[in-house]
Amino acid sequence: MNEHTPMAATGRKGRLRKRMWEQALAAGIRTVEVRGADYIGKDAAGIYSVFIEPALKKGRAAWITGHLDMPHTFTVNGDMAQALVTLAQDERAWGRAWHVPSPPAVTIRELARRCADAAGRPPVKLIQMPRFVMRTAGLLVPIAREVAEMDYQWYAPFHMDATETADTFGLTATNLDTAIRDQVGAIRARAEPMSDSRRCCGTTRRARRCSMPCSARTSTN
């Protein structure tokens, strides 16, 4: 889909967004709509933070609400911020919608593999949750009902094209692996071995329990 794909939402949230955008245009106010896909990047809330990150931290399987092998576009949150700032200040952008340049679509399975590699952890076992589970849970749990309404995005190829935005404003997408490394940074840091500054006389020490410099301790051995 690109910026000119008809807004044909059938769900409640999609219809609401469509109506809000049409009202903004009809009001004649100076406005622009910047659209991104599911977010990825440092501190981004999305499929990584909800499903993949907990599994990486605990070394367990990840239950996924979506098809594991459907290509899906992910937008780097930093790219969204840059696009918002750039387009808001450029009169050429006003009065219409634009897509944020994003990395090529990947499957959830491929995303999880890259996240594990970047974090220095074993691959995460992915389990595809039956689609009816969230729909059934939605009868009682509000957030499950909201997720189920939008799950169609994860059961068919989801490609977001932003060629027009890139050509008009010179914006480019952050490399997906770069965004992944930023997002898994905290896990990777815990997996890395201690630096030499945290070692003493060839043995690992707790910094708070040893105040004597390594050179001094070595000279006494």
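There are 17 salt bridges in this structure, where a salt bridge is a side-chain nitrogen of Lys or Arg within 4 Å of a carboxyl oxygen of Asp or Glu. Please keep in mind that this is a predicted model, in which local features need pLDDT of at least 70 and side-chain atom pairs count only at pLDDT 80 or more, while totals for chains, interfaces and linings use all residues. Residues are numbered from 1 along each chain as its sequence is written, and side-chain values use heavy atoms, with hydrogens and water left out.

Let me start with R12 and E149, whose closest N and O atoms are 3.7 Å apart in a salt bridge. R12 belongs to helix α1 (residues 12–26) and E149 to helix α6 (residues 142–149), so the pair ties together parts that are 137 residues apart in sequence; helices here are DSSP runs of H or I with at least four residues, numbered from the N terminus. R12 is partly exposed at 48% relative accessibility, a class lying between buried, under 20% relative accessible area, and exposed, over 50%, with a 1.4 Å probe and protein chains only. E149, at 21%, also counts as partly exposed.

Turning to helix α4, E110 and R114 lie four residues apart, about one turn of the helix, and their side chains meet in a salt bridge at 2.9 Å, N to O. R113 and D117 form a salt bridge too, with the closest N and O atoms 2.8 Å apart, and R113 is partly exposed at 40%, as is D117 at 49%. Finally, a network of salt bridges links E110, R113, R114, D117 and D177.

How values were computed: Helices (H or I, at least four residues) and strands (E, at least two) are DSSP runs, numbered from the N terminus.
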